[in-house]
Amino acid sequence: MERSTIQRKLIVDSVKSIGHATTKDIISYLSNNGYNVSIGTIYRNLDLLVNENILRRVSINFKEDYYELSEISTHNHFICEKCGKIIDIFNNNSSINEINGNKVISNTTTYYGICKECLENNKDYSN
Ligand SMILES: [Zn+2]
Ligand SMILES: [Zn+2]
């Protein structure tokens, strides 16, 4: 395999293992696994992989962008403001394909709140 193909595969594999991965997550995952891929190469490949629709970039307010596999069907995200966990929400009713005469191509919503685990560990948040 060509070097660039190997690097792409490493990046896709690390996103697959991490789930929702920031660029920093990918860098530390690869170095923890003994791979030496330069930061520039990672950034360049992430852009290419997003353009080729292999990875999806998830933008979240006040946070770094996350990457996930495009093969996972479109879904919404719930972000825990306490522990920072990102939870995929699949039971969305995002089947709207037209709004006020405009054609909708994609639609994702990000919910912010406190996750179940944090609610259980911290009774303060329960109301
Ligand atoms: Zn939480
Ligand atoms: Zn997701």
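Trainee: In this predicted model, which residues of H1 and H2 meet?

Mentor: On the H1 side they are Leu10, Ile11, Ser14, Val15, Ser17 and Ile18, and on the H2 side Asp25, Ile26, Tyr29 and Leu30. By class, this contact has seven nonpolar, two polar and one charged residues.

Trainee: Why is H1 called roughly perpendicular to H2?

Mentor: The axes of H1 (residues 3-18) and H2 (residues 23-32) come within 10 Å and cross at roughly 105°. Angles of 65 to 115 degrees count as roughly perpendicular, and H1 is therefore described as roughly perpendicular to H2.

Trainee: What makes Ile11, Val15 and Ile26 part of a nonpolar core?

Mentor: Membership requires a buried residue of a listed nonpolar type, joined to the others through C-beta atoms within 7 Å, and buried here asks for 20 or more other C-beta atoms within 10 Å of the residue's own. Ile11, Val15 and Ile26 belong to the largest such core, whose nine residues also include Ala21, Leu46, Leu49, Leu55, Tyr66 and Tyr67. H1, helix H3 (39-51) and strand S2 (66-69) each supply at least two residues of this core.

Trainee: Which residues does Leu49 touch, leaving aside those up to four places away in sequence?

Mentor: Leu49 touches Arg8, Ile11, Val12, Ile54 and Leu55.

Trainee: How do you know that domain 1 and domain 2 are in contact?

Mentor: The domain assignment gives domain 1 (3-69) and domain 2 (76-125), with 23 Å between their centres, taken over C-alpha atoms. Contact is judged by residue pairs whose C-beta atoms lie within 7 Å, and four residues of domain 1 are in contact with four residues of domain 2. The side of domain 1 that touches domain 2 has three nonpolar, one polar and no charged residues.

Methods. Residues are numbered from 1 along each chain as its sequence is written. Chains are lettered from A and ligands numbered from 1 in the order in which they are written. This is a predicted model: local features need pLDDT of at least 70, side-chain atom pairs count only at pLDDT 80 or more; totals for chains, interfaces and linings use all residues. Axes are lines fitted to C-alpha atoms, for helices over the stretch in contact, and angles run from 0 to 180 degrees between N-to-C directions. Helices (H or I, at least four residues) and strands (E, at least two) are DSSP runs, numbered from the N terminus. Angles under 35 degrees count as roughly parallel, over 145 as roughly antiparallel, 65 to 115 as roughly perpendicular and the rest as oblique. Two residues are in contact if their C-beta atoms, placed from the backbone, lie within 7 Å. Ala, Val, Leu, Ile, Met, Phe, Trp, Tyr, Cys and Pro count as nonpolar, Asp, Glu, Lys and Arg as charged, and the others, Gly among them, as polar. Domain bounds come from an automatic or database domain assignment. A residue is buried if 20 or more other C-beta atoms lie within 10 Å of its own, exposed if 12 or fewer, and partly exposed in between; C-beta atoms are placed from the backbone.
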